[in-house]
Amino acid sequence: MFNSKPAETPNSAAAIDRKRSVIAEDIVIEGNIVSQGILEFGGQITGDITADAVVLTSTARVRGRVQARQLTIEGELQGAATALNVNIKTGARVKANFAYETLEVASGAQVDGEYKRISADSFKL
């Protein structure tokens, strides 16, 4: 009773880490998206995306800037991206300038742009 842990509040870091937002392929956005959790994006956007983790699915068409700790690209990105960990999958089409700490590019991915390595200490979300 006296040694029990306090209940987690909905705004605690652990609760935020579990949140996942999914935007389907039939959505078109002109503007920015900001999420504190995981964003799985399959639609079209002209604007910026900021989230803890971003997955651009094979149907994603992004024209803008993406900022995340973890970025996975299966679809199309034109613009720029800053992420600690970047994973560009087979079939992805990327024409962007990147700042990253770790980068993985799969065989069959189309990539064009400038790639600059950054340290985790200089990364801000």
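Is Tyr115 buried, partly exposed or exposed? At 29% relative accessibility, Tyr115 counts as partly exposed. This report concerns a predicted model, and it describes an aromatic pair and several salt bridges.

## The aromatic pair

One aromatic pair is found in a search of the whole structure. Its members are Phe98 and Tyr115, whose ring centres are 5.0 Å apart and whose planes meet at 5°. Because planes under 30 degrees apart count as stacked, the pair of Phe98 and Tyr115 is stacked.

## The salt bridge between Arg20 and Glu40

The structure holds five salt bridges. One of them joins Arg20 to Glu40, with the closest N and O atoms 2.8 Å apart. This pair links distant parts of the chain, since Arg20 lies in strand β1 (residues 20-23) and Glu40 in strand β4 (residues 38-41), 20 residues apart.

Both partners are classed as partly exposed: Arg20 has a relative accessibility of 47%, and Glu40 has a relative accessible area of 23%.

Glu76 takes part in salt bridges with Arg61 and with Arg93. In the bridge to Arg61, the closest N and O atoms are 3.8 Å apart. Arg61 is located in strand β8 (residues 61-73) and Glu76 in strand β9 (residues 76-88), so this bridge ties together parts that are 15 residues apart in sequence.

In the bridge between Arg93 and Glu76, the closest N and O atoms are 3.9 Å apart. Here too the pair links distant parts of the chain: Arg93 is in strand β10 (residues 93-105) and Glu76 in strand β9, 17 residues apart. Through shared partners, salt bridges join Arg61, Arg63, Glu76 and Arg93 into one network.

## Accessibility within the network

Which class does Glu76 fall into, buried or exposed? With a relative accessible area of 12%, Glu76 is buried, because the class covers values under 20%.

How values were computed: Residues numbered from 1 in each chain as written. Predicted model: local features only at pLDDT ≥ 70, side-chain atom pairs only at ≥ 80, totals over all residues. Heavy atoms only, no water. Salt bridge = Lys/Arg side-chain N within 4 Å of Asp/Glu carboxyl O. Helix = DSSP H or I, 4+ residues; strand = E, 2+ residues; numbered from the N terminus. Buried < 20%, exposed > 50% of the residue type's maximum accessible area, 1.4 Å probe, protein only. Phe/Tyr/Trp six-rings, centres within 6.5 Å; stacked < 30°, edge-to-face > 60°.
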